[in-house]
Amino acid sequence: MRRILSLLLVAVVVAGCSNDEKSIPEPGTPAAGPVKAMKHADAQALADKYRTEAVDTLGTPLSGTPTSNLMACEGTGTFTAITYGDVPVPAAQQPAALQKLRDHYTSANYTVAPAPTDGTNVLNATTADRVMITIDADSPDTLRVNVATPCYSSDEPL
């Protein structure tokens, strides 16, 4: 299940990317707006920064090593940086942990989606620099922090 959610995040970002400066993807995707140039290492550092911010706000270290990748977007020379990691949070504490993150992201002026009303533990936020953050219940005792940058252009090979 967690692999599917991580791949879904990548699919949303990659599908929203374009190499056309005037193209605007579906509203709400992190790639909305013109494609900017960025070095691979800088984009990965940006994604890692937001993953670390989420983990620090939760106050519990990652269980294991996070995963970080660069993925090609639609269009020649465009890419997105993604990262994800698991944070141990007991099921009973997950709603409070996600609310803590919602409050933090709201105070930081991120765009935060309303909390789901179907009882699922998930949070979706987008930063001012269009980085998409999704935190969801990966298992009864784990929250997965998924981060994806918008698509950037680069002359570096993937």
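Mentor: Contact means heavy atoms within 4.5 Å. This is a predicted model, in which local features need pLDDT of at least 70 and side-chain atom pairs count only at pLDDT 80 or more, while totals for chains, interfaces and linings use all residues. Residues are numbered from 1 along each chain as its sequence is written, and side-chain values use heavy atoms, with hydrogens and water left out.

Trainee: Against which elements do the buried residues of H2 pack?

Mentor: Helices (H or I, at least four residues) and strands (E, at least two) are DSSP runs, numbered from the N terminus. Buried means under 20% relative accessible area, exposed over 50%, and partly exposed in between (1.4 Å probe, protein chains only). The buried residues of H2, including His40, Leu46, Tyr50 and Leu58, pack against strands S2 (67–72), S3, S6 (132–139), S7 and S8 (152–153), and against helix H3 (94–107).

Trainee: How many salt bridges are counted?

Mentor: A salt bridge is a side-chain nitrogen of Lys or Arg within 4 Å of a carboxyl oxygen of Asp or Glu. The count here is 2. In one, Asp48 and Arg51 meet at 3.1 Å, N to O. Asp48 and Arg51 are 3 residues apart in helix H2 (residues 40–58), so about one helical turn separates them. Asp48 is partly exposed at 22% relative accessibility, whereas Arg51 is buried at 9%.

Trainee: Which residue forms a salt bridge with Arg144?

Mentor: The partner of Arg144 is Asp86, with the closest N and O atoms 2.8 Å apart. Because Arg144 lies in strand S7 (residues 142–148) and Asp86 in strand S3 (residues 78–88), the pair ties together parts 58 residues apart in sequence. Both Arg144 and Asp86 are buried.
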